[in-house]
Amino acid sequence: MRIIHYIPTIDRNSGGLGAYIQLLSKELGKLEIENATLHLIDGRLTHLLKAKRQFVVLLQGISPDLVHVNCCWTPQCALVQFCAQCLGYKVLLMPHGMLEPWILKKNRWLKKEPALWLYQKRAVQKADVLLATAESEKQNLLRLGWNEQVYVIPNGIVVDDIECKQSWKQT
């Protein structure tokens, strides 16, 4: 199976997703994965047309079975999804918690409402599948009412041997 993962950045300074993907990539890099290739697309907003051309050429060259978009709130993520779906590819959108209620409220009128109106809500509605990292995220995605195709695949962190804190009082 050929999968293209679109990740806007792996710069740790970009926040949680960048740090998470960087750590995941480091560990995956220790494995011998056949036919895994990294492609860099210039995703700066000032280069959107160039990025679109690069991505379309990449799609046509690889002809993936699935395009996995890891992110929300950037026009680049919506553009990648739009291009892929226009060319007939299935898209899995993984918000990584970026559509949680508290995130939707943060900078709502300055950033979220314009993005929702211009591209984000439509991207969620048009995704073939939404992927949540926890049951609580799945329930929050379903409450939005934009897409019912939500599945859970937890992040690969084993917590079975971690002892829970018994008290939250400072000692």
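No aromatic pairs were found, the count being zero under a rule that pairs rings of Phe, Tyr and Trp (its six-membered ring) with centres within 6.5 Å. The model is predicted, so that local features need pLDDT of at least 70 and side-chain atom pairs pLDDT 80 or more, while totals for chains, interfaces and linings use all residues. Residues are numbered from 1 along each chain as its sequence is written, and side-chain values use heavy atoms, without hydrogens and water.

Two charges sit over rings (NZ of Lys or CZ of Arg within 6 Å of the ring centre and within 35 degrees of the ring normal). The charged end of Arg108 lies over the ring of Trp109, 5.8 Å from its centre, and that of Lys112 over the ring of Trp73, at 5.1 Å.

One cavity of 30 Å³ or more is present (a set of points on a 1 Å grid where a 1.4 Å probe fits but cannot get out). The largest cavity holds about 70 Å³, the volume being the space filled by probe spheres set on the points. Its lining (residues with an atom within 4 Å of a point) includes Tyr6, Ile41, Phe55 and Cys83. Helix 2 (48-62) and helix 3 (75-86) each give two or more residues to this lining; helices are DSSP runs (H or I) of at least four residues, numbered from the N terminus.

Leu59 belongs to helix 2 and is buried because its relative accessibility is 0%, the limit being under 20% with a 1.4 Å probe and protein chains only. Contacts of Leu59 (heavy atoms within 4.5 Å) include Ile4, Cys83 and Tyr89, leaving out residues up to four places away in sequence. Leu59 and Ile4 are 55 residues apart in sequence, with a C-alpha to C-alpha distance of 8.3 Å.

Conventions
1 Å grid on protein atoms, 1.4 Å probe; cavity = no way out; pocket = protein on both sides within 12 Å on 5 of 7 lines; lining within 4 Å. Phe/Tyr/Trp six-rings, centres within 6.5 Å; stacked < 30°, edge-to-face > 60°. Buried < 20%, exposed > 50% of the residue type's maximum accessible area, 1.4 Å probe, protein only.
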